[in-house]
Amino acid sequence: MAPTRTMLKPGTAWSDAWQRSLAVAPEAFRDDRVLNHWAASWRSDGRSLSATSPVDGTPVAGPPRLDAATAQQAVRAGLDAHRDWRHIPLPERKARVGATLDALSEHRDLLALLLVWEIGKPWRLARADVDRAIDGVRWYIVGIEPMLEGRSPLPGPVSNIASWNYPMSVLVHAMLVQALAGNAVIAKAPTDGGVACLTLACALAAREGIPVTLVSGSGGDLSEALVRSPEIGCVSFVGGRDTGARIATAVADLGKRHILEQEGLNTWGIWNYSDWPALTAVIPKLFDYGKQRCTAYPRFVVQRSLFADFLAAYLPAVRSLRIGHPLAVEHPDDPFPELDFGPLINAAKAKELEDQVSEAIGRGAVPLHRGALDDAAFLPDQDTSAYVPPVTLLNPPPSSPLHYAEPFGPVDTIVLVDTEAELLAAMNASNGALVATLSTDDPDTYDRLSPQIRAFKTGHGKPRSRGDRDELFGGFGHSWRGAFVGGELLVRAVTDGPPGERPPGNFPDYHLMP
């Protein structure tokens, strides 16, 4: 049977997205580069890096990297903007943020298309990322008054340093809520992807008078300005534990307000369980975006006596996963392909993960499933170096990073246990996590074991996630440092309350749950 011929869906090429961005926000885009925004103006400073799309290697816009001195100027200008903005009455702040959301809604599909090209999100997930940002901030606009009762903006702007995987629903969402609460906001554009989408969103916000600063640069060059500067009122970080630990040390030394979301090994336990059809149904959803998110579940901890039943439920679901180019169609009028995931963020990450899998197998891990890209929907002769098919390993060796760290890719690992004590030890392998799930038929068993799982959120047979609107979010152990967020806690984290207030969070000297 001859392979199906595919084409790029008309009107969705990177060149199409770029020209549309130039037309919508000409002040923020220049020829083939994006601009930085500080001191209330768009600037062509910085050295633009070359970049390619993980989707198929198409050249895309890279971040215009500033040096340390220019970043410091931008931070000082951000403080000036903050001192003005904090005195803007709340009704006017609400109106300006609401107008920004209207503009984001108008250009929803363009923002989503930029996400597809820059970070490889399938169309469904890219649009969801944009929608969650817009809907989430609208919820805050409606309910912000009681959240701000007796509170005031911080002394300086909020510095946002976030990873590339959720530019809209995490980063832009946080920035707009911070501004709504009376703070100027500074954002470092992610180095690995999403800079054009973030630039367009910031351009739409800046037009409405939101005091936003957007800069690019290496962490080493910008950390002094974005983390240690006395002008900064709070540091909000989303990323890995190594970088997070360095930031945590800096903010602790300075006594600076902080929100540091870091990775943890989120686990799914199986104990005295029998509802296998429910597990089969949820497995594909756990692979959304190739598990490139902080609330992914890459580790299953399975009762040994249930292992055969687990595999019978798990393997058919993994074999059904849909992978491919997010914009490849057979006919021009076809809808966007329905995919579980596309590429990883870049070819280097794909190779790193494949090497980790090979090394783990070489040291004793048992490959239970190794997918292939043969049936994936690609364009003819396209670059597929960033694509990794799903892999499932039994018993990764302790020497492997896959044993103790989040892979941030479509690799599941399984550990077998015989006792409840072993179950809990394996589920707590990374000394703290953001989410966890325990599948067990007995509610009493869940009620007894779940408090011993070191995750901020634990689900009973269902996945947990970051959540939206009034749902709180944080982490235990090394997965989180600083104030918890979500709902009113996000507003409390970026405002000052009564003297001596201790916000819920995970701090060096205390851990306080909401």
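Visitor: Which residues in α5 meet which residues in α6?

Guide: In this predicted model, the α5 side consists of D129, V130, R132, A133, G136, V137, Y140, I141 and I144. They meet P167, M168, S169, H173, L176, V177 and L180 in α6.

Visitor: Why is α5 called roughly parallel to α6?

Guide: Helix α5 (residues 123-147) and helix α6 (residues 167-180) pack at an angle of about 20°, with their axes 8 Å apart. Angles under 35 degrees count as roughly parallel, so α5 is roughly parallel to α6. The crossing of α5 and α6 is right-handed.

Visitor: Which residues make the contact between α3 and α7?

Guide: T100, A103 and L104 come from α3, and A201, L204 and A205 from α7.

Visitor: How many aromatic pairs does the structure hold, and why is the pair of W139 and Y140 called edge-to-face?

Guide: The structure holds 19 aromatic pairs. For W139 and Y140, the ring centres are 4.9 Å apart and the planes stand at 90°. Centres within 6.5 Å make a pair, and planes over 60 degrees apart make it edge-to-face, so W139 and Y140 meet both conditions.

Visitor: Are W139 and Y140 buried or partly exposed?

Guide: Y140 has a relative accessible area of 1%. The limit for buried is under 20%, so Y140 is buried. W139, with a relative accessible area of 24%, is partly exposed.

Visitor: What makes the pair of W268 and Y297 edge-to-face, and which parts does the pair tie together?

Guide: W268 and Y297 are 5.1 Å apart, centre to centre, with 65° between the planes, and the cut-off for edge-to-face is over 60. W268 lies in strand β16 (residues 267-270), whereas Y297 is in the loop between α10 (276-286) and β17 (299-303), so the pair ties together parts that are 29 residues apart in sequence. Both W268 and Y297 are buried. Together with F300, F310 and Y314, they form one aromatic cluster.

Visitor: How do you know that a charge sits over the ring of Y510?

Guide: The charged end of R502 is 3.9 Å from the centre of the Y510 ring and sits over it. The distance cut-off is within 6 Å. The charged end of K121 sits over the ring of Y289, 5.0 Å from its centre.

Visitor: Why is W480 called buried?

Guide: W480 lies in strand β24 (residues 480-483). Its relative accessibility is 0%, and buried means under 20%, so W480 counts as buried. Residues that W480 touches include I259, L260, L434, F473 and N506.

Visitor: What is the phi of D31, and what is the phi of N272?

Guide: D31, in the loop between β2 (29-30) and β3 (33-34), has a positive phi of about 55° although it is not a glycine. N272, in the loop between β16 and α10, has a positive phi of about 45° and is not a glycine either.

How values were computed: Residues numbered from 1 in each chain as written. Predicted model: local features only at pLDDT ≥ 70, side-chain atom pairs only at ≥ 80, totals over all residues. Heavy atoms only, no water. Phe/Tyr/Trp six-rings, centres within 6.5 Å; stacked < 30°, edge-to-face > 60°. Buried < 20%, exposed > 50% of the residue type's maximum accessible area, 1.4 Å probe, protein only. Helix = DSSP H or I, 4+ residues; strand = E, 2+ residues; numbered from the N terminus. Lys NZ or Arg CZ within 6 Å of the ring centre and 35° of its normal. Contact = heavy atoms within 4.5 Å. Axes fitted to C-alpha atoms, helices over the stretch in contact; angles between N-to-C directions. Parallel < 35°, antiparallel > 145°, perpendicular 65-115°, else oblique. Left-handed = near helix turned anticlockwise from the far one by under 90°. Lists of a residue's contacts leave out its neighbours within four places in sequence.
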